[in-house]
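Student: I have a new structure open and I'd like to learn how to read it. Where do we begin?

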Amino acid sequence: MDFQDYKGVWVFIEQKDGEVASVSLELLGAGRKLADKRGVELAGILIGENVKNLTKTLFEYGADTVYVYDQPIFKHYRTETYMKALLECTEKHKPEIILYGATSTGKDLASAVATDMPTGLTADTTELDVEEDTGLLLASRPAFGGNIMATILCKKYRPQMATVRAKVMKALPPEPGRIGKVVEETISLKEEDIRTKVLEIVKETVKKVRIDEADIIVAGGKGLGSYEGFQLVHQLAETLGGAVGASRDVVEAGWIDHPHQVGQTGVTVTPKIYFAIGISGAIQHIVGMKNSGLIIAINKDKEAPIFQTCHYGIVGDAFEVVPILIEQFKKAISRDKVIK
Amino acid sequence: MLHIVACIKQVPDTKIIKMNPKTNTMDRRTAPAILNPYDAHAVEEAVRLKERYGGIVSVLTMGPPPAVSAIKKCVEIGADEGYLITDRRFAGADTLATSYALSKALDKIAKQQPIDLVICGKMSIDGDTGQVGPGIARRLDIPPLTSVNKVVEINQEEGYAIVHRKLEDGFEVVRSTLPCMFSVEKTINEVPYSPLPNVIRAARYKPHIWSVDDLEEVDIKQLGLKGSPTIVSRVWAPQKPAGGTFLEGNPAAQVDQLLSVLLEKKELFETKEEI
Ligand SMILES: Cc1cc2nc3c(=O)[nH]c(=O)nc-3n(C[C@H](O)[C@H](O)[C@H](O)COP(=O)(O)OP(=O)(O)OC[C@H]3O[C@@H](n4cnc5c(N)ncnc54)[C@H](O)[C@@H]3O)c2cc1C
Ligand SMILES: Nc1ncnc2c1ncn2[C@@H]1O[C@H](COP(=O)(O)O)[C@@H](O)[C@H]1O
């Protein structure tokens with residue numbers, strides 16, 4: 001394998017119903033930095049049906065080139081078809097790095113592609129960098145288990161690949177009118193050769209919990225002791241008009257459902273205010289909330305790691321502090337009408 | 001006869017694990033080893049399919065010898081056979097090398113009894129990548145179906161399966177040819193307490209244990225650390241954002257200080273449109 005042949009940073013562009021996933025725009029922002037450092041092109045790879053019109057957005061968000069596969073066979077995401085397009089395109093144009101959103105689709109596709117290439121794939125990356133002279137991708141993620149980060153490398157293969165968590169990287173401000181090169185590709189795939197078929201897509205109308213869109217999040221941890229104790233978190237959230245978040249241990253204890261879980265295996269959130277109540281502050285939790293505007297931690301253990309990440313810390317018992325907090329907020333609300 | 005193989009992994013129980021407060025790392029010695037919780041759902045689903053359609057359920061794991069206890073746990077859930085591949089040459093495998101080794105073991109299992117379905121968990125709580133399932137599917141050249149949260153139908157005679165795959169805003173109904181691979185969500189089922197006869201059987205059960213040499217056509221270079229393209233180059237403590245200001249005094253005083261800080265920044269409370 002001659003590494004010299006591999007050039008450029010690619011981002012797999014996830015799209016649905018004519019819209020680019022926000023994680024893909026974030027990755028164009030992150031990819032732009034890597035590409036500039038290496039002095040190479042940043043390209044998007046866009047696969048779907050009737051998606052050509054999305055290229056404009058991709059250029060505005062930083063792509064120099066977009067490779068497009070726009071064919072009816074790509075109407076629905078399927079591992080087999082998308083994988084074949086990506087493998088073919090990679091073989092032809094030889095990128096040095098490919099980034100995917102760590103969404104179910106991104107992970108599904110990247111895992112399959114990595115096996116066929118073959119190459120290394122780093123999952124759920126939260127920090128990215130590249131060695132300027134060698135092009136070695138430095139993909140970092142919370143290391144399994146401990147309160148540490150690990151940088152993972154793929155020295156022997158190209159392209160190097162990583163899936164990257166949503167909401168961790170920042171999209172560039174779009175530059176209206178910025179243009180780039182569209183490279184239209186086609187692949188000959190026959191529907192009857194494809195072993196999977198999407199029979200139906202069912203949208204669920206139940207209002208989904210989207211804590212990643214909330215401005216205020218009140219998150220609780222194992223320190224609340226029980227399901228009953230955890231209700232305190234709901235009460236404060238309600239008072240503030242915020243959403244409820246939780247640590248993984250709380251979700252595993254069954255006090256609240258997984259969509260509320262903040263962290264590496266939950267959602268990444270960036271609210272204006274984040275309350276961490278009875279949460280110790282394990283790295284897997286921290287990576288999901290550290291970019292919040294203002295972090296307030298309440299924990300009875302002064303040594304709890306969460307205090308290293310918060311802006312304001314209250315050392316105290318949640319069951320003493322939070323009720324006062326609720327009461328005082330209620331007063332302030334009726335007095336100042338600051339909060340809705 | 002339907003033959004379903006669930007791939008399972010033994011993992012340290014991160015919930016009970018103790019942290020070393022000095023190094024801020026996990027003290028693995030204190031962690032009891034358990035069956036990866038996601039894989040319990042994979043086995044449970046396999047057992048339910050067996051009850052629905054008849055057939056046998058095998059479980060396969062790669063790991064050190066104590067992983068036998070994870071296999072026994074699966075027998076309690078209702079698995080019929082268990083296979084452990086264990087060898088120092090497997091050690092240090094990343095997802096690519098893991099899926100390679102497992103696919104070789106699956107080849108061998110299939111020689112005894114052809115496999116219709118491979119079921120994996122969504123992810124392992126220690127490896128935490130969700131990459132091994134699709135990796136196995138690619139190596140066996142069978143369709144990977146990830147995020148499966150319901151199995152609608154398995155039709156062995158006509159050679160297809162229909163499942164629900166979870167999407168962000170609902171689900172899709174997908175039909176695939178058999179054999180194929182599912183990786184399942186936790187929500188697919190609930191794992192009940194094991195029936196006593198299974199527990200008794202599990203206590204006596206002895207799994208098949210294979211080393212590299214028991215597998216066929218294995219390229220040693222693709223195993224373990226050597227076969228792993230990804231390497232951990234550096235482990236580091238994340239840069240800690242400057243520690244916060246502690247609010248002093250009794251709870252009432254602490255709350256007072258916090259409120260005065262917050263109420264000064266009214267923009268914090270200007271919400272976007274209702275969501
Ligand atoms: C691969 C992997 C992925 C993970 N992903 C995630 C993830 O996405 N999200 C996540 O959150 N975790 C995740 N974890 C788990 C993480 O490592 C921690 O175990 C978890 O975050 C701890 O939850 P906790 O803070 O609620 O509980 P604990 O660590 O038990 O902390 C409880 C805290 O409450 C305090 N407390 C106790 N009583 C009171 C009281 N009365 N008042 C105030 N404070 C009190 C204690 O001092 C303690 O600090 C993951 C772990 C692994 C290995
Ligand atoms: N060592 C292993 N032995 C058997 N199955 C495994 C092993 N590692 C991972 N798996 C399977 O692959 C799934 C995803 O694991 P991971 O990619 O590590 O998150 C797990 O839920 C298991 O079903």
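Tutor: Start with how elements get their names: helices (H or I, at least four residues) and strands (E, at least two) are DSSP runs, numbered from the N terminus. Keep in mind that this is a predicted model.

Student: Good. Which helices of chain A each supply at least two residues of the shell around ligand 1?

Tutor: Those are α6 (248–252), α7 (283–286) and α8 (318–336) of chain A. The shell has 28 residues, and Lys222(A), Ser247(A), Thr265(A), Ser280(A) and Asn299(A) come nearest.

Student: Why is the site of ligand 1 shared between chains?

Tutor: Because residues from chains A and B surround ligand 1.

Student: What sort of residues are they, by class?

Tutor: The shell around ligand 1 splits into 15 polar, seven charged and six nonpolar residues.

Student: And which contacts should I look at?

Tutor: For polar contacts, look for pairs of N or O atoms within 3.5 Å. Thr265(A) has a polar side-chain atom 2.7 Å from a nitrogen atom of ligand 1. In the side chain of Asn299(A), an N or O atom sits 2.7 Å from an oxygen atom of the ligand. On its own, ligand 1 has 990 Å² of accessible area, and the protein covers 86% of that.

Student: Let me try ligand 2. How many residues surround ligand 2, and which are the closest?

Tutor: There are 19, with Cys7(B), Asp39(B), Ser124(B), Thr129(B) and Gly130(B) the closest. By class, eight are nonpolar, eight polar and three charged. β6 (56–62), α3 and β8 (117–121) of chain B each give at least two residues to this shell, and β6(B) has the largest share, with three residues.

Student: Now, how do I read a pair of helices?

Tutor: Two packed helices are described by the angle between their axes and the distance between the axes. Take α3 (residues 95–112) and α4 (residues 132–140) of chain B: they pack at about 50°, with axes 8 Å apart. They are therefore oblique to each other, and α3(B) passes α4(B) in a right-handed crossing.

Student: What about α2(B) and α5(B): how are they placed relative to each other?

Tutor: The axes of α2 (residues 68–77) and α5 (residues 196–204) of chain B come within 7 Å and cross at roughly 150°. Angles over 145 degrees count as roughly antiparallel, so that is what α2(B) and α5(B) are. Here, too, the crossing is right-handed.

Student: Last one: what should I look for in the backbone?

Tutor: Most residues other than glycine have a negative phi, and most peptide bonds are trans. Now see chain A. A cis peptide bond joins Met117(A) and Pro118(A), with omega about -20°; Pro118(A) is in the loop between α4 (104–116) and β7 (121–125). Another cis bond, with omega about -10°, joins Arg158(A) and Pro159(A). Asp17(A) is not a glycine, yet its phi is positive, about 50°.

How values were computed. Residues are numbered from 1 along each chain as its sequence is written. Chains are lettered from A and ligands numbered from 1 in the order in which they are written. This is a predicted model: local features need pLDDT of at least 70, side-chain atom pairs count only at pLDDT 80 or more; totals for chains, interfaces and linings use all residues. Side-chain values use heavy atoms; hydrogens and water are left out. A residue is near a molecule or strand if one of its heavy atoms lies within 4 Å of it. A polar contact is a pair of N or O atoms within 3.5 Å; within protein, one must be able to donate a hydrogen and the other to accept it, and residues adjacent in sequence count only if both atoms are side-chain atoms. Accessible areas come from the Shrake-Rupley method with a 1.4 Å probe; for residues, only the protein chains shown count as cover. Ala, Val, Leu, Ile, Met, Phe, Trp, Tyr, Cys and Pro count as nonpolar, Asp, Glu, Lys and Arg as charged, and the others, Gly among them, as polar. Axes are lines fitted to C-alpha atoms, for helices over the stretch in contact, and angles run from 0 to 180 degrees between N-to-C directions. Angles under 35 degrees count as roughly parallel, over 145 as roughly antiparallel, 65 to 115 as roughly perpendicular and the rest as oblique. A crossing is left-handed if the near helix is turned anticlockwise from the far one by less than a right angle, and right-handed if clockwise.
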